[in-house]
Amino acid sequence: MIYRISFLVLLIAGAISCIKKSDLPIVPKITYKSFENFQDDSAYFTLKFDDGDGDLGLNPEDTSGTYSSSSPYYYNLYLKYLYKKTDGTWSAFFNPNPMVNDTQYYKFRVPLIEIEGKDKSMSGEIRVKLTELRPTINHKYIKYVFYVYDRALHQSNIETSPEFYIP
């Protein structure tokens, strides 16, 4: 099955704070903020971030070398899809299609925000649009494990969203 994943990335510039650089680590820190489900099997997923050196995000032309399409750093935001099995345990969905043959991940390229001034630290939100939330309607409870990479290839902390009921 081929999944079309479209996304909307919204970094709220007004949310960028005036926190001193020394207060934030250079490795991005992320937390879950919200999940807005829609009737058409799509949703907005929003996370909060803090980054001490302001190097979160990619330019559109960052597509070669470290950021080539065959590199794990081509995308800088990963959401791993999990569903609750009937026995109450959580499992990643593995797509048996030989063309895909992979665990279900949503992958995004969060754009770079240029910060002017001496202090490059920033805090804000990343909002992405998820389509085709689940590979089967039998998955009623889902959640995501997510993380980001910055331009220095620092991986953020790994966070898990709450579980969501999708009727």
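View 1. Of the 167 residues in the protein chain, 42% are buried. The model shown is predicted. Its protein chain has an accessible surface of about 9100 Å², and carbon and sulfur atoms account for 53% of that surface.

**View 2. Strands and contacts along the protein chain.** The protein chain contains 10 strands and 0 helices. In sequence order the pattern reads β-β-β-β-β-β-β-β-β-β. Among contacts with a separation of 6 or more, 72% join residues 24 or more positions apart.

**View 3. Pairing of strand 4 with strand 6.** Strand 4 spans residues 77–84, and strand 6 spans residues 105–108. The two strands pair in the antiparallel sense, over 4 bridges. Leu77 lies opposite Phe108 of strand 6.

**View 4. The two faces of strand 6.** Tyr106 and Phe108 form the covered face of strand 6. Tyr105 and Lys107 make up the uncovered face. Phe108, on the covered face, is the residue that Leu77 stands opposite.

**View 5. Confidence along the protein chain.** The mean pLDDT of the protein chain is 83, and 81% of the residues score at least 70. Among the elements, strand 9 (residues 159–160) has the highest mean pLDDT, 98. Strand 1 (residues 10–11) has the lowest, with a mean of 33.

**View 6. The segment at residues 1–21.** Over residues 1–21, pLDDT stays under 50. For this segment the model has 61 contacts beyond four places in sequence.

Notes: Residues numbered from 1 in each chain as written. Predicted model: local features only at pLDDT ≥ 70, side-chain atom pairs only at ≥ 80, totals over all residues. Heavy atoms only, no water. Buried < 20%, exposed > 50% of the residue type's maximum accessible area, 1.4 Å probe, protein only. Contact = heavy atoms within 4.5 Å. Areas by Shrake-Rupley, 256 points an atom, 1.4 Å probe, with all protein chains shown as cover. Pairing = 2+ DSSP bridges. pLDDT = per-residue confidence, 0-100.
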